[in-house]
Amino acid sequence: MNKIEIFVYIKMSLIKKYKPETYDDIVGNNKKYKSIEKEILENKVNKFIITGKSSLGKTSFIEIFCKKNKYSLIKKSIEEDIDENIFLFNFFQKKIVLIDDIILTNLKYKEKTKITNKIKNLIEIINKYKRTLIVIISDKKIKEFKNIKKSKIISLRKYKDDILIKHIKKVCDIENIKYSNETYKYIFEKIIDISKGNMNKIYLNIETLLTNNKKTIRF
């Protein structure tokens with residue numbers, strides 16, 4: 001194993017180690033996800049659009065939901081060619097078709113138009129399917145989503161940094177990274193700022209402390 005391979009392995013370890021296995025493992029919005037689970041199981045609509053900034057645990061929620069409730073998960077990206085057959089209803093199979101991680105924030109006009117057109121084409125397709133459970137995950141709520149029949153739009157809010165600080169503190173305690181009670185909040189706030197609140201980037205920054213053998217955080 002060469003140095004590059006070792007680096008990638010180490011960089012991924014905390015992300016894998018702290019990958020959510022239950023709703024309570026998702027940082028923030030725990031109660032909201034339990035509420036969404038109830039709405040999906042009530043089956044009043046068959047299409048859910050879940051919007052919110054990156055790293056709120058939207059995809060993790062669907063993965064946990066499927067595992068917990070024994071649904072098969074078919075995951076697709078809006079940018080790939082999607083075979084319409086995946087939306088066919090199967091009476092003998094509980095499944096969710098997930099159109100994952102639509103990113104519209106900070107796109108240039110041409111890029112945004114391209115994605116928006118793909119969303120319009122997708123809507124034309126999925127409106128023909130009234131029974132298959134379909135979930136769309138997007139970082140922004142856009143007017144096109146209102147054209148999806150028998151659907152519900154659920155918007156998630158960004159939680160406060162105090163929740164992230166509490167989680168980083170928990171991870172550092174587990175990983176035996178020592179910190180000063182006088183300065184840890186300042187340091188953790190810096191990690192959040194550098195990572196822009198993205199959980200994977202936060203884990204990578206904590207990994208940097210470990211890989212550099214810096215077991216103690218100092219001011």
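## Where helix H7 begins

At the start of H7, a side-chain oxygen of Asn198 comes to within 3.0 Å of the backbone nitrogen of Asn200. That counts as a polar contact (a pair of N or O atoms within 3.5 Å; within protein, one must be able to donate a hydrogen and the other to accept it, and residues adjacent in sequence count only if both atoms are side-chain atoms). A quick word on what you're looking at: this is a predicted model, where local features need pLDDT of at least 70 and side-chain atom pairs count only at pLDDT 80 or more, while totals for chains, interfaces and linings use all residues. Residues are numbered from 1 along each chain as its sequence is written, and side-chain values use heavy atoms, with hydrogens and water left out.

## The rest of H7

Helix H7 takes in residues 199-211, 13 residues in total, and reaches 18 Å from its first C-alpha to its last, close to the 18 Å expected at 1.5 Å a residue. The expected span is 1.5 Å times one less than the number of residues. Helices (H or I, at least four residues) and strands (E, at least two) are DSSP runs, numbered from the N terminus.

Which residues of H7 are buried? They are Met199, Ile202, Tyr203, Ile206, Glu207, Leu209 and Leu210. Because they cover an arc of only 150° around the axis, they sit on the same side of H7. The arc is that of the directions from the helix axis to the C-beta atoms. An α-helix has 3.6 residues a turn, so residues three or four places apart point the same way. Buried means under 20% relative accessible area, exposed over 50%, and partly exposed in between (1.4 Å probe, protein chains only).

## Lys95, a buried lysine

Lys95 belongs to strand E3 (residues 95-102), and with a relative accessible area of 9% it is buried.

The C-alpha atoms of Lys95 and Ile134 are 8.7 Å apart, though 39 residues separate the two along the chain.

## Asn127, in a loop

Asn127 is found in the loop between helix H4 (109-126) and strand E4 (133-138). At 15% relative accessibility, Asn127 is buried. Its side chain reaches the backbone nitrogen of Lys149 at 2.8 Å. Beyond neighbours within four places in sequence, Asn127 touches Lys47, Asn147, Ile148 and Lys149.

## Salt bridges

How many salt bridges are there? The count comes to 10, where a salt bridge is a side-chain nitrogen of Lys or Arg within 4 Å of a carboxyl oxygen of Asp or Glu. One of them pairs Lys19 with Glu63, the closest N and O atoms being 3.1 Å apart. Lys19 lies in the loop between helix H1 (3-17) and helix H2 (30-42) and Glu63 in helix H3 (residues 58-69), so this pair ties together parts 44 residues apart in sequence. Lys19 is partly exposed at 42%, and Glu63 is partly exposed at 25%.

Another joins Lys152 and Glu39 (2.3 Å, N to O). Lys152 is in strand E5 (residues 151-155) and Glu39 in helix H2, so here the linked parts are 113 residues apart in sequence. Glu39 is buried at 19%, whereas Lys152 is partly exposed at 34%.

Methods. Contact = heavy atoms within 4.5 Å.
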